[in-house]
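Keep the 3D view open and find each residue as you read.

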Amino acid sequence: MSGGKAKEITKKKMNKAEFKEHCWGLAFVSPAFIGFLVFMAFPIVFAFFASLTKWNGMNSMMDNFVGLNNYIKLFADAKFWKVLLNTVIYMIGIPIGMILGLVIAVGMNRKIKGIKFLRTLYYVPVVSSLVAVAILWMWVFNYDYGLLNSIIKHVTGVHGPNWLGDEFWVKISMIIFMVWKGLGSSIILYLSGLQGIPRDLYEAAKIDGSSGWNLFRHITVPLVSPVTFYLLITGLIGGFQVFVEVLVMVPSGGLNYSAATVVFYLYDKAFGSNQMGYGSAMAFILAIFIFIVTAINFKGQDKWVKTIQ
Amino acid sequence: MAKNDEMSSEIKSHKSMVIDRIIFVVLLLGAVFMVFPLIYMILSSFMTKNQILAADFSIIPDPWKFGKYGEVLAKPEFLRGLRNTLIVALPVLIIGGFTSSLSAFSFSKLNFRGKNGIFLGLLATMMIPFAVVMIPQYVMFTKMGWTNSLLPLIIPGLFGNVSIIFFLRQNLTSVPDSIVEAAKLDGCSYFKMYLSIFLPLMKGALMTQLILWFMGIWNDYLAPTIFIQNEEWFTLQVVIRSFNSYYAVNSDYPLIMAASVLAILPTLLLFFFFQRYIIESLAVSGVKG
């Protein structure tokens, strides 16, 4: 900062000590701020301009300006609607994971010997490498030799479904995989939510003659609603961006693209056929969807998210 | 009366002990289901190819073969992937950890203009899907010639990590601001204040966050697969994935499973050692939202 400008600021509001603090404060956050400008802010603006062009990464963006054409094309693109529907179908895993997570967390919220060890076991898939466990589950779901079909055959004598090769079962497979991978973190978060509920609330309700199910419904569920809200928001934001698990387990995108998600299609377009402009438009639509869904959730949270007073 | 109370509580505790047993057994079954695929992965890495592909179902290796791990570790691609992952992790964790904690200290304890604006800007980036920035970033890195190196994975990390900044800043709110004033009166410089007062205060939280960051770098697949064009610089996860497509052709599943076990092991060990801190910090970020 030049000396003249510095003096001006000093004169206006800050005294010397305050100005010194201002400079140091700014200097300390400058790496993070520069990183934000270079790797986030600039790319976002760039992506927006790219989304208005038929840019392939090499040609001139200016010469290939097409206005909102990519967006119009996108809304008429049946494949885009298909991958969007697939992405939404995968989100069925979110409530399943929440319900299982809460039920298991309630069970774990008791002083039982060895329960901490179980908690660790449930958490193992969360810290495991996504690629490695996706490869593992690819093998579990293998039609001919997979673990799952071996067990099904062993128990029932009938050959199991073609998990990853069938348009319907591939979705079930992906949902099973995602619930399995994420369950541990729902449990941990619900457990910490449960530990924040005062014991005397339950005692008081018990004196009033409430049964177990009623306690769960009218005390537990409302009082862990902040955790539910957090899981819902992060689940939806992550759910819109599901990609690597599909890429590893079903590299082709599945029979008739039945496993592909929005980001899978976007990746395919941008890096598979160099349609960077079209890909950018899709990325923006995705960001807008995420923003709208998140905003709706924040608007609606007063209706059901309770806080412990 | 007192005796009655005692008795009823004893009966209750007996009843609740039975319930505890049942709950434990149910949860244990669930846990077995959760880790069973992973156990199967370990067991099948010791099997022969023929046993895995055999028609009748078995989970215990017969005979036990321990050679696959040696085979994986002798593959130059594997060692190269391991080396590359560590080359990325080391500078990112050291420098990125420094810049993140310095920012967190500044955001939490110093007064400067534009503070809230900059902080909000950083927070907003957590909402932006990676898909939006990956195309421009890819082009940027290509133009700079970085895709033939590990720089696309290293350089962005050096500028700090937003979620760590956010977490550490939350962590510092419990430290009274008066410490800053006292240090100022002692003529302590701002950097020294960070280094000798606040960094030690953040140490525990920072270490936990760095462990989590290491796990993130170790497990990352998306960024390396998009940004790294040269096989020489593939990180471990990318190598594991390419093993999967390469060796599945001749059905060498024991080798694929052994490689996957090795890819999971380090993060798993870190988790077992530091789980108390990791779980605590995850729970905090979830509850505070």
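A:Asn256 sits in the loop of chain A between helix H13 (244-249) and helix H14 (262-272). Keep in mind that this is a predicted model. The backbone at A:Asn256 has a positive phi of about 55°, even though the residue is not a glycine. Is A:Asn256 buried or exposed? A residue with 12 or fewer other C-beta atoms within 10 Å counts as exposed, and A:Asn256 has 9, so it is exposed.

A:Tyr257 lies in the loop between H13 and H14 of chain A as well. Phi of A:Tyr257 is positive too, near 65°, and this residue is likewise not a glycine. A:Tyr257 counts as partly exposed because 17 other C-beta atoms lie within 10 Å.

Now hop over to chain B for another backbone detail. The peptide bond that runs from B:Asp62 to B:Pro63 is cis, with omega near 0°. You'll find B:Pro63 in a loop too, between helix H2 (49-53) and helix H3 (67-73) of chain B.

Let's zoom out to whole chains. Chain A has 15 helices and zero strands, and chain B has 13 helices and zero strands. Several residues of H12(A) are buried, among them A:Pro226, A:Leu231, A:Leu232 and A:Phe240.

What about overall shape? A compact globule of 309 residues would have a radius of gyration near 19 Å, but chain A comes out at 26 Å.

| Chain | Box along the principal axes | Buried residues |
|---|---|---|
| A | roughly 80 × 55 × 35 Å | 39% of 309 residues |
| B | roughly 85 × 75 × 30 Å | 39% of 289 residues |

Contacts tell you how each chain folds back on itself. Among contacts in chain A with a separation of 6 or more, 67% are between residues 24 or more positions apart. In chain B, 77% of the contacts between residues at least 6 apart join residues at least 24 apart.

How many residues does each chain bring to the contact between A and B? Chain B gives 71 residues and chain A gives 76 residues. On the side of chain B that touches chain A, 50 residues are nonpolar, 17 are polar and four are charged.

Finally, look for the largest nonpolar core, which has 148 residues. A:Val246 and A:Ala283 have the most contacts inside that core. Setting aside neighbours within four places in sequence, A:Ala283 is in contact with A:Ala47 and A:Leu266, and also with B:Pro129, B:Ala131, B:Val132 and B:Ile135. As a general background point, nonpolar side chains tend to be buried together in soluble globular proteins.

Conventions. Residues are numbered from 1 along each chain as its sequence is written. Chains are lettered from A and ligands numbered from 1 in the order in which they are written. This is a predicted model: local features need pLDDT of at least 70, side-chain atom pairs count only at pLDDT 80 or more; totals for chains, interfaces and linings use all residues. Two residues are in contact if their C-beta atoms, placed from the backbone, lie within 7 Å. Ala, Val, Leu, Ile, Met, Phe, Trp, Tyr, Cys and Pro count as nonpolar, Asp, Glu, Lys and Arg as charged, and the others, Gly among them, as polar. A residue is buried if 20 or more other C-beta atoms lie within 10 Å of its own, exposed if 12 or fewer, and partly exposed in between; C-beta atoms are placed from the backbone. Helices (H or I, at least four residues) and strands (E, at least two) are DSSP runs, numbered from the N terminus. The radius of gyration is taken over C-alpha atoms; the globule rule is 2.2 Å times the number of residues to the power 0.38. A nonpolar core is a set of buried Ala, Val, Leu, Ile, Met, Phe, Trp, Tyr and Cys residues joined through C-beta atoms within 7 Å.
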